[in-house]
Amino acid sequence: MDGGRAKGKDQGVVDGVAAMAHCYQEFNPKAYLQYNYTPPRADFSRADSIVPWKLGCLHRAFTEGDVGGETLVDVGSGPTLYQVLSGCELFGRVVLTDFLDVNRRELRRWLREEEGSFDWTPYLKHVCKLEGRSPSAWQEKATRLRSVVTEILPIDVHQPLPLPLGALPTPGADCLVSSFCLESVSPDLASFTRALGHMSGLLKPGGHLLLIGALGESYYMAGPGVRIPVVPLDEAQVCTSLRENGYALIHLSTYTLPPDMRVGVDDVSGIFFVKAKKM
Ligand SMILES: C[S@@+](CC[C@H](N)C(=O)[O-])C[C@H]1O[C@@H](n2cnc3c(N)ncnc32)[C@H](O)[C@@H]1O
Ligand SMILES: O=[N+]([O-])c1ccc2c(c1)CN[C@@H](CO)C2
């Protein structure tokens, strides 16, 4: 109770979202990259490593022939670029987005080839191999990526209009990709579903959504002592949220973490990959 009045549902929503935003003030991009995007989770010599699985899903989804257009938006990019390594070959305009300036600055560091940026070379080489190209084509891919990433924008999926007005052409993006964002920024399942709806407002009807997320995760570490709560999801909840937001599911696949991929930085049990179409 606040001042003797029962808090309305809306106030509860505002408080939950504000609490999540507060958690993210301590997000440490370098630590996050170290925890999740280096071996064993990013071990390209292991068929059962998480990152090669994600890159394989993205490669297949982008190269089946039904996805295309001008604009690809990545929602909640964080400090990572792997999400668009396949998509960058299909779209003339790739928009990266994140809630935090520290992450947007980390992305710019790589795009501008500045000192101290994360080394995405193994990822570029792996995706070139998936594309049937020589791994030595990784520099071409890096050049392509740098040429099509036109903006790195602030975003808030809890706002009905998550991006600055005018950021996208009127019909919306041709394709959205988002990974580990919605469930790790929402206080509960209802908020996750609402945020999916807000995000979908960025996508044109008939456009495609590629969504990667955590299953059964209740927290993750975003730096030493920085523990961020996560909405624990199961596949059925993901499918229900998609349906409630007007998506037709095209494909859902899941990955179950082997014991040695559980490295103490979260309690995630599985990963889902969704390809869906906005009806
Ligand atoms: C778990 S990280 C995911 C990063 C990256 N997409 C990946 O695949 O690893 C979640 C990201 O969501 C961002 N975020 C936090 N609050 C957000 C909000 N309200 N709207 C959009 N993104 C938000 C964080 O800054 C962080 O970069
Ligand atoms: O194994 N991974 O590739 C990987 C990458 C990113 C993340 C996870 C696992 C699990 N936790 C989420 C935050 O909710 C972030």
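I started with the contacts of Asn103, taking contact as heavy atoms within 4.5 Å. Leaving aside neighbours within four places in sequence, I found Phe27, Pro29, Gly78, Pro79 and Asp98 touching Asn103. The model is predicted: local features need pLDDT of at least 70, side-chain atom pairs count only at pLDDT 80 or more, and totals for chains, interfaces and linings use all residues. Residues are numbered from 1 along each chain as written, chains are lettered from A and ligands numbered from 1 in the order written, and side-chain values use heavy atoms, without hydrogens or water.

Next I looked up where Asn103 sits: helix α4, residues 101–111. Helices here are DSSP runs (H or I, at least four residues) and strands likewise (E, at least two), numbered from the N terminus. Asn103 counts as buried because its relative accessibility is 2%; buried is under 20% relative accessible area, exposed over 50%, partly exposed in between (1.4 Å probe, protein chains only). I also noted a 2.9 Å polar contact between the side chains of Asn103 and Asp98. Such a contact is a pair of N or O atoms within 3.5 Å; within protein, one must be able to donate a hydrogen and the other to accept it, and residues adjacent in sequence count only if both atoms are side-chain atoms.

Then I turned to ligand 1. Which residues come nearest? Of the 23 around ligand 1, they are Tyr32, Tyr37, Tyr82, Asp98 and Ser179, a residue being near if one of its heavy atoms lies within 4 Å. An oxygen atom of ligand 1 is 3.1 Å from a side-chain N or O atom of Asn103, and for Tyr37 I read 2.6 Å. A polar side-chain atom of Ser179 is 2.6 Å from a ligand 1 oxygen atom. On its own ligand 1 has 590 Å² of accessible area, and the protein covers 98% of that (Shrake-Rupley method, 1.4 Å probe; for residues, only the protein chains shown count as cover).

Gly76 was my next stop, in the loop between β1 (71–75) and β2 (93–98). Gly76 is buried, since its relative accessibility is 13%. Beyond four places in sequence, Gly76 touches Thr97, Asp98, Ile155, Ser179 and Cys181.

Asn28 caps the N-terminal end of α2, with a side-chain oxygen 3.0 Å from the backbone nitrogen of Lys30.
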